Amino acid sequence: MLKQIKSFLLLAVLLSMVLTSCSGTANVKQQPGADAVTETNTPEAALTVTVSVLPQKYFVERIGGDLVRVNVMVEPGDDPHSYEPKPDQMRVLSESAAYFSIGVEFEDVWLDKIAAANAHMLMVNTIANIQRFEMAAHENEAGEVHDNEEVELDPHVWTSPELVKTMSQTIYETLVKLDPSHEAEYSANLQLFIQDIDALQAQIKESLTGLKSNKFMVFHPSWGYFAQEFGLEQIAIEVGGQEPSAQELAGLIDQAKTDNIKVVFAQPEFNTKSAEVIANEIGGKVLLISPLEPDWLANMQAVAQTFSQVLDE
Ligand code: ZN
């Protein structure tokens, strides 16, 4: 008897759930209220994906448009070298159809855990077709590289527009693989983005031509690929992710004087103290630039403009 009551109660609960959900759906269909109108006007994102850093969100959104929703791991103001994803960020990975890695350091520790958080998520290495170079190492007067630093590959590939084209192709192919029905949109968006990058490259080349100097000094060496693409020379203050020693600082001050450097670049995500020390010693100033701004294209234009002014003083 008890067993029968239990099954009856269970059946009643199930039945009420079914009825509730049916009537819910019927209500939306029968009464085209404000909610229903909003739903039909807003295109539902076909895909949700996750990326490591903010500029990648810009790349995916340029190609995916309204069809793709993008989560970002490293939040604004945080340092992608030492970042630790928060528990709720790991949880939302369950909604992601793909994870686009880019080779920033926190991935060394976290990528396996990220992959394990969602077995259905496609893991996409966006730098698979990119040859990275070693971080510039400081040399002493004898030309020998420090013995206390490890060789580290420079992760800041997105500061080169040419490399962004390569990564965009990979992003495009992934979106088409996951959502083939929207191939035409993704393809058209990619073409427009490539055209914008072509225009950006022409604009940067023009603004950096015929300047007095091609050497710039920066605390955190984020601009190596930008420098390589546009014929500039980056002098890093940081040594293997560390503050320079007093001796190294003295060497940098000498170098800044020799090269007639008047501006020392620093990044809002990092300590600016040693940049300020050098700027004081050379009677120059510190300017903040970041490679992590969310509007990648506008940021690249602004940074190129800044370089063209600073290197022509
Ligand atoms: Zn960095």
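In the predicted model, Lys57 is partly exposed, with a relative accessible area of 23%. The side chain of Lys57 forms a salt bridge with that of Glu61, with an N to O distance of 3.0 Å. Glu61 is likewise partly exposed, at a relative accessible area of 34%. Both residues belong to helix 3, which spans residues 54–64, and because they are four residues apart, about one helical turn separates them. This pair belongs to a set of seven salt bridges found in a search of the whole structure.

The side chains of Arg62 and Asp196 meet at an N to O distance of 2.8 Å. Asp196 is partly exposed, its relative accessible area being 29%.

In helix 6, which comprises residues 161–178, Glu162 and Lys165 are three residues apart, about one turn of the helix. A salt bridge joins Glu162 to Lys165, and their closest N and O atoms are 3.6 Å apart. The two partners fall into separate accessibility classes: Glu162 is partly exposed, with a relative accessible area of 38%, whereas Lys165 counts as buried at 17% relative accessibility. Lys165 is assigned to the buried class because the cut-off for that class is under 20% relative accessible area. Glu162 and Lys165 are also members of a network of salt bridges that includes Asp198.

Terms used: Residues are numbered from 1 along each chain as its sequence is written. This is a predicted model: local features need pLDDT of at least 70, side-chain atom pairs count only at pLDDT 80 or more; totals for chains, interfaces and linings use all residues. Side-chain values use heavy atoms; hydrogens and water are left out. A salt bridge is a side-chain nitrogen of Lys or Arg within 4 Å of a carboxyl oxygen of Asp or Glu. Helices (H or I, at least four residues) and strands (E, at least two) are DSSP runs, numbered from the N terminus. Buried means under 20% relative accessible area, exposed over 50%, partly exposed in between (1.4 Å probe, protein chains only).
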